[in-house]
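Work through the exercises below with the sequence and the coordinates open. Each task is followed by its solution.

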Amino acid sequence: MYLSIWLGILMGSASCSTSDKKPSSPVPDTAVLQDNPLARRLNKPSTMPTTPPAGARISYSQVNITQPVVAMTFDDGPHPSLTPKLLDILKERNIKCTFFLIGQNVKAYPKIVQRIIAEGHEIGNHTYTHCSLTSRSDDQIRSELKQSEAALMAAANYRPQLIRPPYGAINTRVKQLMFSEFGYSTIMWSVDPQDWRRPGVSVVTSRLVNGARPGSIMLAHDIHPPTIQAVPAMFDQLIAKGYQFVTVSQLMNMEKASMPVGVVIRPAVPMGDKDPKPLPQ
Ligand SMILES: [Zn+2]
């Protein structure tokens, strides 16, 4: 039942659409729209919430759903020219993504941050200086995350709910600290095209397309020109296969909504609490 509700919402009517530009030519008839996955998306944008559910897990590399829905994520921006180019590509397709931004770049390019938010995308914390958190003390981690949060608040009055650790460097200590003190779920990935190695535009496209599965969290970086060249074909090929793109929090919400009624989602146990009381079954 919950599944059908969420699917209904996902496929539901327009709200905060980025497709506010009216086409100059007459609107095609319904039959044409139904034959064209991209046209269907433009007319039925997502209305799912953009905040994670109360029972969010401490970390994710993918979510457990059966529908062909994925979250595309872009790290290390905003980049002064490539991120706006990417935003144009997303806007043309009414696709919502998640951007894990470096605090220093947020401070340098606040207008791009505001545009990311205005166009319905999600933003996650990617630290202030893009440091490896596992080699930092608890206090250094707190400082990195707080500085990055402060930059987002100053740029756009936005408080992120998610963190992606730079270089994927993570351990239990860091995860627990970020979850219990900041409320952050750690977001890893299940599809990595290694675009930072610049393997070639078509390779990045095919690695993403071939890696996608229901519930995948896919990784790329919007600071490399070949990545920006690779993503339009990737989006169009996956849309043609029937995939929908949502933000990471939307994907997390889908997983929660698809759980059988009565499942208890246990919160993470804070460090030092060795004897948690059992939850009622
Ligand atoms: Zn990074």
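The model is predicted: local features need pLDDT of at least 70, side-chain atom pairs count only at pLDDT 80 or more, and totals for chains, interfaces and linings use all residues. Residues are numbered from 1 along each chain as its sequence is written.

**Exercise 1.** Determine how enclosed strand 2 is and which strands pair with strand 2.

Solution. 
1. Helices (H or I, at least four residues) and strands (E, at least two) are DSSP runs, numbered from the N terminus.
2. A residue is buried if 20 or more other C-beta atoms, placed from the backbone, lie within 10 Å of its own.
3. In strand 2 (residues 69-75), 7 of the 7 residues are buried, so the strand is largely enclosed by the rest of the structure.
4. V69, A71, T73 and D75 point one way, and V70, M72 and F74 the other way.
5. Strands pair if DSSP finds at least two bridges between them. Strand 2 runs parallel to strand 7 (residues 217-221), with 5 bridges, and to strand 8 (residues 244-245), with 2 bridges.
6. Strand 2 also pairs in the parallel sense with strand 3 (residues 98-101) over 3 bridges.
7. D75 has H221 as its bridge partner in strand 7 and F100 in strand 3.

**Exercise 2.** At what angle do helix 6 and helix 7 pack?

Solution. 
1. Axes are lines fitted to C-alpha atoms over the stretch in contact, and angles run from 0 to 180 degrees between N-to-C directions.
2. The angle between helix 6 (residues 110-118) and helix 7 is about 80°, and their axes are 9 Å apart.
3. The two helices are therefore roughly perpendicular (65 to 115 degrees).

Key:
Parallel < 35°, antiparallel > 145°, perpendicular 65-115°, else oblique. Buried ≥ 20, exposed ≤ 12 C-beta atoms within 10 Å, placed from the backbone.
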